[in-house]
Amino acid sequence: MQLLDGIHVSNAILEEIKKDVDSRVNNNQKRPHLAAILVGENAASQTYVGAKVKTCEYVGFQSTLSKLGTDVSEAELLELIEKFNQDEDIDGILVQLPLPKHISEDKVINAISPLKDVDGFHPVSIGKMVLGQDTFVPATPNGIMMMLDHYNINTAGMHCVVIGRSNIVGTPMSLLMSRNTQPGNCTVTMCHSKTTNLKEMCLQADIIVAAIGRPNYVTADMVKPGAIIIDVGINRIEDASKKSGFRLVGDVDFDSVKEKSSYITPVPGGVGKMTICALMKNTLLACANK
C-alpha cells in the first residue's frame, strides 16, 4: 500500500505556481486576484475559505474575502457577485457552498461570469468540459487527476467506480476518467445511494472514487485486492478523546481498506489539499487568459 499524499503533491505544485507568479510580477504582468465570498457562520466553510485565502497569500495572489451574514438576501449576494464580475482587477470568483436555504445555489452559480468561474461550476464551464474544450474544471476532480498524474498511475483500461453523482465531484469525475487522456481512458461506472448492487460493482473496480458524504461507508469487504482508493469525503464524527470533541474521517474506512489497496488517499491530507491546489491553478489560468 502506498499513500497518495496530497500534502506532498500540492506543495510541489504550489511551488510551481509561486514561481509563475513571481515571474509574472517581475515582468510587470498582473498579479492574480481571487475574490471569495463566505455567507453565514458554518464552521467548516470558514475553515475551507481560510485555507484558500492563506494559500493565496503563500503563492503570491491578491485575495479579497467578503463575509456576509446568514440573513443576507439573495439579491444582495447577487449584487456583490455582479460587482466582482465588473471589477477588471479580479480574475476569479468563488462563493463558498453550502448557502443558507433562502438563497438559490443555482442562481448564484449562474451569476458568476464564466470567465471568472474558477470553481468550474457554471453551466458554460460544465458544458465545455463535457465537450472536451478548454475550460475551468471543478477543483476537486481536477485535483484528483493532478494527483494521479503526479504518481504516474497508468489508468488506461481500468474499471473506475465513482460513488456519488454530484455536479461538483461525482459527475465531472466520471467524465474526466472516461476521457481519452492520461490519467483517463477508464471504463466508468457511476454509483450512488440508490444503487442496489453497490458492493458487487465496487468489487469489480480497479479504482474507487468515494464521494457520497457518508463516514466510513466503503469497507474492506467492498474492495478487491490491489484497488486504488480515492476518498473525497470529509466527515466529522464524535470523538471524546479529541480536544475538539470530534475527528475527521473520509467516506472510506481507511484502517481496514488500506490493507487491501495498492494506493489510497488519507483524510485529512489527501484530496482536500489537492482541491485548493487546483483552485489556485484555475485562478492563475483565469489571469493568464486575460
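## Close-up views of the predicted model

**View 1. Asn216 lies in the loop that runs between β7 and β8.** Helices (H or I, at least four residues) and strands (E, at least two) are DSSP runs, numbered from the N terminus. Phi of Asn216 is near 55°, a positive value in a residue that is not glycine. The residue is partly exposed, with a relative accessible area of 29%. Here, buried means under 20% relative accessible area, exposed means over 50%, and partly exposed falls in between (1.4 Å probe, protein chains only). The model is predicted: local features need pLDDT of at least 70 and side-chain atom pairs count only at pLDDT 80 or more, while totals for chains, interfaces and linings use all residues. Residues are numbered from 1 along each chain as its sequence is written, and side-chain values use heavy atoms, with hydrogens and water left out.

**View 2. Asn152 also has a positive phi, of about 55°, although it is not a glycine.** Its place is the loop between α6 (139–150) and β5 (159–163). Asn152 is exposed, and its relative accessible area is 68%.

**View 3. Three strands make an open sheet in the order β3-β2-β4.** The pairing is parallel; two strands pair if DSSP finds at least two bridges between them. β3 (62–68) and β4 (92–95) stand at the edges with a single partner strand each, so one side of each has no neighbour in the sheet. The twist averages 15° from one strand to the next. Axes are lines fitted to C-alpha atoms, for helices over the stretch in contact, and angles run from 0 to 180 degrees between N-to-C directions. Strand β2 (residues 33–39) pairs with β4 over 4 bridges, in the parallel sense. In β4, Val95 stands opposite Ile37.

**View 4. Helix α3 (residues 74–86) lies across β2, β3 and β4.** The helix runs at about 175° to β2. Contact means heavy atoms within 4.5 Å.

**View 5. Lys30 and Asp91 form a salt bridge, with the closest N and O atoms 2.7 Å apart.** The rule is a side-chain nitrogen of Lys or Arg within 4 Å of a carboxyl oxygen of Asp or Glu. The pair links distant parts of the chain, 61 residues apart. Lys30 is in the loop between α1 (6–26) and β2, and Asp91 in the loop between α3 and β4. Lys30 counts as partly exposed at 25% relative accessibility. Asp91 is buried, at 1% relative accessible area. By this rule the count comes to 6 salt bridges.

**View 6. The side chains of Glu74 and Lys107 meet in a salt bridge (3.3 Å, N to O).** Glu74 lies in helix α3 and Lys107 in helix α4 (residues 105–111), so the pair ties together parts 33 residues apart in sequence. Glu74 is buried, with a relative accessible area of 18%. Lys107 is partly exposed, with 48%. Side chains of opposite charge can pair when their charged atoms come close.

**View 7. Lys199 and Asp221 join their side chains in a salt bridge (3.3 Å, N to O).** The partners sit in distant parts of the chain, 22 residues apart. Lys199 is in helix α8 (residues 198–203), whereas Asp221 is in the loop between β7 (207–210) and β8 (227–231). Lys199 counts as partly exposed at 40% relative accessibility. Asp221 counts as partly exposed at 43%. Elsewhere, salt bridges that share partners join Lys30, Asp89, Asp91 and Lys290 into one network.

**View 8. Tyr48, Ile234 and Leu248 form a nonpolar patch on the surface.** Together they have about 230 Å² of accessible area. Patches are made of residues with over 30% relative accessible area and no salt bridge; like charges are joined within 9 Å, and nonpolar side chains (Val, Leu, Ile, Met, Phe, Trp, Tyr) within 5 Å. Accessible areas come from the Shrake-Rupley method with a 1.4 Å probe; for residues, only the protein chains shown count as cover. Tyr48 belongs to helix α2 (residues 43–59). This tyrosine is partly exposed, with a relative accessible area of 33%.

**View 9. A cis peptide bond joins Leu97 and Pro98.** Omega is about 5°. Pro98 lies in the loop between β4 and α4.

**View 10. The peptide bond from Gln182 to Pro183 is cis.** Here omega is near 0°. Pro183 is in the loop between α7 (170–178) and β6 (187–191).
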